[in-house]
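This briefing concerns a predicted model. Please consult the sequence and the structure shown here alongside the notes.

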Amino acid sequence: MLLNKNIPWSYIVGKIRLEIAAVSIYAISFGIFHKLLNLHHIMLPLSVPAIVGTVISLLLAFRSNQAYDRWWEARIIWGAIVNDSRTLIRQIKTFMNDPEYSVTADDFVRRFAKRQIMWCYSLGNSLRKKDPMLHARDLLCADEQRFVAAHGHIPNALLSLHGKDIQVAMERGWLNPFQQVELDRTLTRLCDAMGKCERIKNTVFPTTYGLYINFALYLFIILLPFGLTEYLGIVVVPLIILISASFLFIEKMAIHLQDPFENKPTDTPMTTIAATIERNIREMMEDFNEPKHDRLAAKVSDEEFYVL
Amino acid sequence: MLLNKNIPWSYIVGKIRLEIAAVSIYAISFGIFHKLLNLHHIMLPLSVPAIVGTVISLLLAFRSNQAYDRWWEARIIWGAIVNDSRTLIRQIKTFMNDPEYSVTADDFVRRFAKRQIMWCYSLGNSLRKKDPMLHARDLLCADEQRFVAAHGHIPNALLSLHGKDIQVAMERGWLNPFQQVELDRTLTRLCDAMGKCERIKNTVFPTTYGLYINFALYLFIILLPFGLTEYLGIVVVPLIILISASFLFIEKMAIHLQDPFENKPTDTPMTTIAATIERNIREMMEDFNEPKHDRLAAKVSDEEFYVL
Amino acid sequence: MLLNKNIPWSYIVGKIRLEIAAVSIYAISFGIFHKLLNLHHIMLPLSVPAIVGTVISLLLAFRSNQAYDRWWEARIIWGAIVNDSRTLIRQIKTFMNDPEYSVTADDFVRRFAKRQIMWCYSLGNSLRKKDPMLHARDLLCADEQRFVAAHGHIPNALLSLHGKDIQVAMERGWLNPFQQVELDRTLTRLCDAMGKCERIKNTVFPTTYGLYINFALYLFIILLPFGLTEYLGIVVVPLIILISASFLFIEKMAIHLQDPFENKPTDTPMTTIAATIERNIREMMEDFNEPKHDRLAAKVSDEEFYVL
Amino acid sequence: MLLNKNIPWSYIVGKIRLEIAAVSIYAISFGIFHKLLNLHHIMLPLSVPAIVGTVISLLLAFRSNQAYDRWWEARIIWGAIVNDSRTLIRQIKTFMNDPEYSVTADDFVRRFAKRQIMWCYSLGNSLRKKDPMLHARDLLCADEQRFVAAHGHIPNALLSLHGKDIQVAMERGWLNPFQQVELDRTLTRLCDAMGKCERIKNTVFPTTYGLYINFALYLFIILLPFGLTEYLGIVVVPLIILISASFLFIEKMAIHLQDPFENKPTDTPMTTIAATIERNIREMMEDFNEPKHDRLAAKVSDEEFYVL
Amino acid sequence: MLLNKNIPWSYIVGKIRLEIAAVSIYAISFGIFHKLLNLHHIMLPLSVPAIVGTVISLLLAFRSNQAYDRWWEARIIWGAIVNDSRTLIRQIKTFMNDPEYSVTADDFVRRFAKRQIMWCYSLGNSLRKKDPMLHARDLLCADEQRFVAAHGHIPNALLSLHGKDIQVAMERGWLNPFQQVELDRTLTRLCDAMGKCERIKNTVFPTTYGLYINFALYLFIILLPFGLTEYLGIVVVPLIILISASFLFIEKMAIHLQDPFENKPTDTPMTTIAATIERNIREMMEDFNEPKHDRLAAKVSDEEFYVL
């Protein structure tokens with residue numbers, strides 16, 4: 001969960017250190033050659049880099065917008081997962097009609113709730129290409145573990161189990177047909193959220209746009225000193241570095257935002273959100289224990305992580 | 001409810017007084033050094049700050065847009081809470097089928113309505129990190145207070161109680177299965193609205209963008225006098241302050257809009273909206289009394305509050 | 001319904017006459033002082049107002065967008081009210097199952113349809129702070145008038161009556177439970193539309209943005225003649241007025257669009273739309289009379305009205 | 001269906017020939033007067049038209065966006081009409097439960113399908129203010145024609161007939177209550193699509209924006225030669241015409257896109273889409289004949305038509 | 001699936017080689033004529049191409065946005081197809097109520113699942129104007145092949161078969177009426193997705209916008225050397241080529257993104273997505289075989305394909 005605390009400048013500058021180095025080398029060599037060879041007649045009106053600068057500005061604004069939209073959509077999807085997890089548990093608890101208050105029905109609901117917690121962790125881990133079975137031993141019973149392990153797509157297999165259990169509950173008379181259909185709709189929404197995450201994960205931002213922006217950016221940086229040499233001597237070097245940095249930064253930020261499930265410091269805090277869901281669901285099951293320490297531990301490091 | 005009345009300029013200027021002070025010190029010292037040391041050959045073409053100015057303008061427009069969208073989304077969510085609260089009460093009143101006009105059923109509806117009022121106040125307070133149990137003694141019965149107090153997430157616990165009550169009503173034959181499912185959908189929408197508020201509350205605007213805009217803004221302000229010194233003497237000082245102020249203001253405004261649940265003068269008027277909901281629900285229950293004075297009092301100060 | 005006919009320029013210029021007067025006084029006095037005191041050394045490079053002009057352009061584009069979105073959303077909501085009113089009447093007509101073709105059932109549908117017409121007029125009037133009971137004597141029976149008059153929120157009270165009637169129809173066996181729930185959903189959509197109008201009505205555009213744009217605009221206008229004085233003598237006066245006017249206009253247009261329910265010439269043509277709904281509903285009830293003259297009269301003046 | 005073929009330049013230039021003529025006269029007379037009267041001291045820095053040019057660019061971008069959105073929304077609505085027409089016929093075919101395979105039921109479905117085809121043509125024609133009863137003799141039976149002709153709003157009357165038929169089918173036991181409600185929802189979506197088309201048709205783009213953009217555009221064009229006269233003699237004339245044309249074009253394109261139901265070459269290809277729906281529905285009814293020639297003929301001219 | 005790997009620059013430059021050649025010829029001939037005829041007095045202030053450049057930048061940003069939106073919408077639609085395919089199979093599996101575990105019911109579900117796989121491949125192929133019956137022999141039984149082949153719109157015919165099968169299942173008592181309606185809704189969503197693809201496929205980006213941008217772009221390129229000739233001699237040639245290229249690229253990228261179903265290297269990876277759906281559905285049917293090699297082969301070439 002992108003925290004609102006200070007980030008060391010070193011971290012941020014580190015992101016563009018290679019580019020800055022290249023620009024510095026260019027600027028310094030430009031300064032030296034210019035002085036040595038006395039090339040004062042080779043210069044450009046500043047309007048030329050300015051025209052290129054306007055195009056780049058608009059494209060960087062376009063790119064920032066699209067990257068932000070991907071990042072924000074990822075956050076909206078995980079927000080919907082929180083909502084639908086709460087709704088699913090509320091529904092299963094208040095729909096179940098078991099006049100005998102049997103242990104079986106109670107166990108059934110408890111297993112269902114644990115499976116939903118598992119689904120959240122598992123989806124997060126599979127998006128990050130980590131082990132999607134990480135907390136399976138805690139949260140699934142042996143049968144479920146065996147069933148799920150046979151599948152390539154763990155979260156989808158968990159949704160299938162949810163579906164099967166709802167069918168079982170209807171057969172036993174715990175749910176009526178309307179309630180089955182209503183619970184199935186909540187599963188459909190969870191299935192949609194899962195697919196939307198995969199869409200964002202698997203669709204790269206059109207590579208050519210990125211390449212093009214780089215092309216235009218370096219064209220701009222290369223032209224810049226020719227426009228400035230008329231006015232300034234060696235002062236041109238830091239100036240070019242600073243102006244280049246201000247353009248390079250925007251691009252880097254967009255690149256970091258645009259892939260919100262890549263296990264990078266900037267991605268969506270899925271483990272933290274899953275732990276929140278676990279805490280909510282446990283509360284709804286009137287189990288007021290905190291989530292297990294290893295998951296919380298993961299969460300804490302998570303919080304340290306998402307600082308960008 | 002952001003009121004349409006005049007705001008003293010002092011208040012607005014106050015928001016950027018530190019930044020303005022720093023810029024003034026820089027501009028004045030620049031003026032003095034320049035005069036004293038006669039550095040007229042150190043100057044920049046105005047196009048250089050202008051290029052940086054174009055980038056900043058686009059980024060500030062981008063930031064204003066995102067901040068406005070967060071603020072407006074918060075307002076839309078609370079608008080939906082108003083609508084779904086009215087819908088919930090209309091449904092519970094017109095769905096209830098109690099041919100005997102029993103006191104029990106009447107009490108049931110009345111308790112349900114009060115609980116919905118409580119939910120609105122409680123959600124607003126928990127988003128502002130104030131006491132979510134504030135009006136519990138007025139609006140919940142003793143049993144409900146005890147149940148809810150055991151939970152960490154009060155508004156979610158209230159929704160669970162709603163769900164349980166709907167189940168009870170169906171068991172007693174007051175509602176048919178379709179009506180139960182339809183009421184549950186209204187609860188689902190309320191649950192979504194609650195989760196959306198939490199998403200906006202818990203997702204900070206990417207910190208690096210803020211940092212970057214600051215970096216580019218101060219680069220621009222630092223470059224500005226070098227571009228103007230050619231033309232003007234001491235007049236450069238107020239000019240730089242005014243131009244800087246016009247950029248700094250936009251950023252501040254975006255920062256103030258972007259967090260609509262932070263208990264700041266600019267946030268969403270949740271107490272006012274909750275009081276409106278209370279008044280609507282009371283009317284629908286044919287109780288034409290005004291909400292209690294302490295809540296109205298809160299509302300009035302609220303109105304004074306949201307003036308930005 | 002914003003008509004596509006010519007608007008006298010005088011009307012449009014009238015909107016900014018005060019601002020234009022102030023700018024003219026400034027421009028003329030600037031011209032006189034400059035000439036008299038021979039202040040030719042006090043001048044600015046045109047790039048300085050140009051930088052401020054770029055920021056203002058972007059902010060005005062942002063503001064125009066948000067204002068247009070509010071105006072367009074208002075139009076979408078009233079479009080949805082048209083659709084849902086037609087749907088509601090189609091549903092009540094085709095769902096009613098009355099094998100005896102009783103007069104009671106026929107009257108019931110007729111009363112329902114009239115009440116929906118009333119709801120549309122009443123919502124429009126209450127948004128404009130006019131009398132929401134205006135056509136009540138025509139469109140509601142005595143009982144309904146008495147019930148509704150006791151409420152502060154007339155349109156919401158009318159929806160409650162709709163809900164109650166649907167319940168009555170189900171009790172009498174005219175509707176089955178699915179149809180009751182389906183009709184209730186149409187009411188929910190109407191309730192949402194009503195709440196959305198109130199949200200737009202009650203949420204002002206962040207005042208500080210408006211103030212800030214004014215600040216930047218006047219800074220720009222004040223700087224402008226200093227940038228032009230080098231080139232032109234007295235011609236600067238009309239030029240400054242024209243350029244200022246072109247910026248001031250955009251802001252005024254945004255201000256006029258942003259509040260679509262304020263009983264101003266530019267707002268949403270709610271009376272016209274309500275009359276269209278009345279005509280559609282009457283047709284569906286096979287009553288091919290035109291709406292009453294006084295409502296049409298209102299409509300005509302309405303059409304003259306919404307010309308901006 | 002806006003075809004991807006070449007458009008003669010003459011057509012495009014024709015759209016702005018009046019404006020271009022006016023600009024040419026202005027530019028030529030400017031050139032002559034300037035030469036004759038030797039007014040070389042009356043000139044402007046190019047930055048002045050450039051500032052106005054930036055504002056206009058942003059407003060033209062804003063206007064292009066809104067016009068494109070209206071055009072694209074119109075296309076989305078007609079796309080939804082295609083989808084919901086297919087859905088409606090699939091539903092009526094697969095929901096009908098007629099164990100006796102009676103001729104009556106078969107005729108019923110066939111009449112229903114034809115009426116839906118009629119609805120599509122009729123909606124397109126009424127939006128274009130053409131005869132909405134155009135294909136009624138082919139597609140409606142005599143009773144239906146009589147009923148519909150009595151109404152002012154033909155497509156809405158057809159939806160009423162759909163609703164009545166669904167009621168009849170339920171009474172005869174061909175549909176169960178769930179299926180009736182589900183079919184009614186498809187009707188509701190068609191009713192929404194119809195209302196959305198009418199909203200776009202009846203809401204003009206705020207006239208003042210258009211007027212204002214014209215004002216700013218001509219201010220820009222009038223200022224332009226004063227900025228160029230310093231550098232160029234008679235070459236200024238074609239240059240001003242070309243630059244003016246590039247601005248005038250954008251506005252014209254926006255104006256042409258913004259009204260997608262105006263029976264102009266640029267509007268939505270509603271007849272083509274309706275013919276596609278007819279072909280799809282006939283296929284679903286296992287009637288593999290092509291739509292009648294006169295409708296196809298209309299379609300072909302349609303295709304020639306929508307080339308902009 | 002637009003892969004995140006390096007693209008040879010030659011490929012990208014190839015896309016604009018014709019335009020670049022034309023610009024080069026223009027720039028070189030300009031250089032030669034200028035030198036030969038000594039036309040130094042024919043020059044323009046750089047602000048003139050800069051004004052045109054600002055308009056073009058904004059229009060290219062507008063066009064990039066619309067093109068990106070079309071491409072992203074196509075991706076969202078295919079994401080929804082993934083989700084709804086999974087949902088459809090989960091529903092058919094968990095809704096089927098067959099207490100005798102008959103072979104017939106099992107076969108029925110298996111055939112249903114295969115048909116859904118077929119639908120995905122078939123939709124992709126028909127959008128690309130390839131053979132929509134490509135994998136029919138593997139995935140459909142003989143009866144289905146015969147039925148479908150008689151239709152012009154294969155994917156729509158497959159949805160009709162789905163609908164018929166659901167009806168059959170209800171008649172045999174395998175599904176209850178709620179479940180039939182719920183499954184039909186999933187079919188409706190698939191039908192919507194199909195229609196949305198067709199809408200994007202069949203609606204070309206307004207041709208006039210493209211023509212206009214070309215007009216403005218070449219006006220800009222033609223003006224550019226007149227603005228630069230003052231400062232530079234022969235260096236103007238590469239400079240003009242590079243600046244022109246940076247504008248031409250953006251347009252080309254937009255053109256390539258805007259048609260996501262055109263069987264070009266840049267379109268939506270529909271075969272890959274269909275193979276993913278096949279793998280998911282097979283897993284849900286507990287058939288852990290990979291999709292057939294020929295489909296995978298297609299997929300692999302697909303992956304090589306979508307690199308832009």
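The points below cover a helix pair in one chain and then a backbone feature in two chains.

In this predicted model, helix H4 (residues 103–127) of chain A packs against helix H7 (residues 154–171) of chain A, with the axes coming within 9 Å. A positive phi is found at A:Lys129, and C:Lys129 also has a positive phi.

**Helix pair H4(A) and H7(A)**

- The axes of H4(A) and H7(A) cross at roughly 165°.
- Because angles over 145 degrees count as roughly antiparallel, H4(A) is roughly antiparallel to H7(A).
- The crossing of these two helices, H4(A) and H7(A), is left-handed.
- On the H4(A) side, the contact residues include A:Phe108, A:Phe112, A:Met118, A:Trp119 and A:Leu123, together with A:Arg111 and A:Arg115.
- On the H7(A) side, A:Ile154, A:Pro155, A:Leu158, A:Leu159, A:Leu161 and A:Ile166 are among the residues in contact, as are A:His162 and A:Asp165.
- The residues of this contact comprise 12 nonpolar, 4 polar and 3 charged.

**Positive phi in chain A**

- A:Lys129 is not a glycine, yet its phi is positive, at about 60°.
- A:Lys129 lies in the loop between H4 and helix H5 (136–139) of chain A.
- A:Lys129 counts as exposed because its relative accessibility is 68%, where the cut-off is over 50%.

**Positive phi in chain C**

- C:Lys129, a residue other than glycine, has a positive phi near 60°.
- The loop between helix H4 (103–127) and helix H5 (136–139) of chain C holds C:Lys129.
- With 66% relative accessibility, C:Lys129 is therefore classed as exposed.

Key
Residues are numbered from 1 along each chain as its sequence is written. Chains are lettered from A and ligands numbered from 1 in the order in which they are written. This is a predicted model: local features need pLDDT of at least 70, side-chain atom pairs count only at pLDDT 80 or more; totals for chains, interfaces and linings use all residues. Side-chain values use heavy atoms; hydrogens and water are left out. Axes are lines fitted to C-alpha atoms, for helices over the stretch in contact, and angles run from 0 to 180 degrees between N-to-C directions. Helices (H or I, at least four residues) and strands (E, at least two) are DSSP runs, numbered from the N terminus. Angles under 35 degrees count as roughly parallel, over 145 as roughly antiparallel, 65 to 115 as roughly perpendicular and the rest as oblique. A crossing is left-handed if the near helix is turned anticlockwise from the far one by less than a right angle, and right-handed if clockwise. Contact means heavy atoms within 4.5 Å. Ala, Val, Leu, Ile, Met, Phe, Trp, Tyr, Cys and Pro count as nonpolar, Asp, Glu, Lys and Arg as charged, and the others, Gly among them, as polar. Buried means under 20% relative accessible area, exposed over 50%, partly exposed in between (1.4 Å probe, protein chains only).
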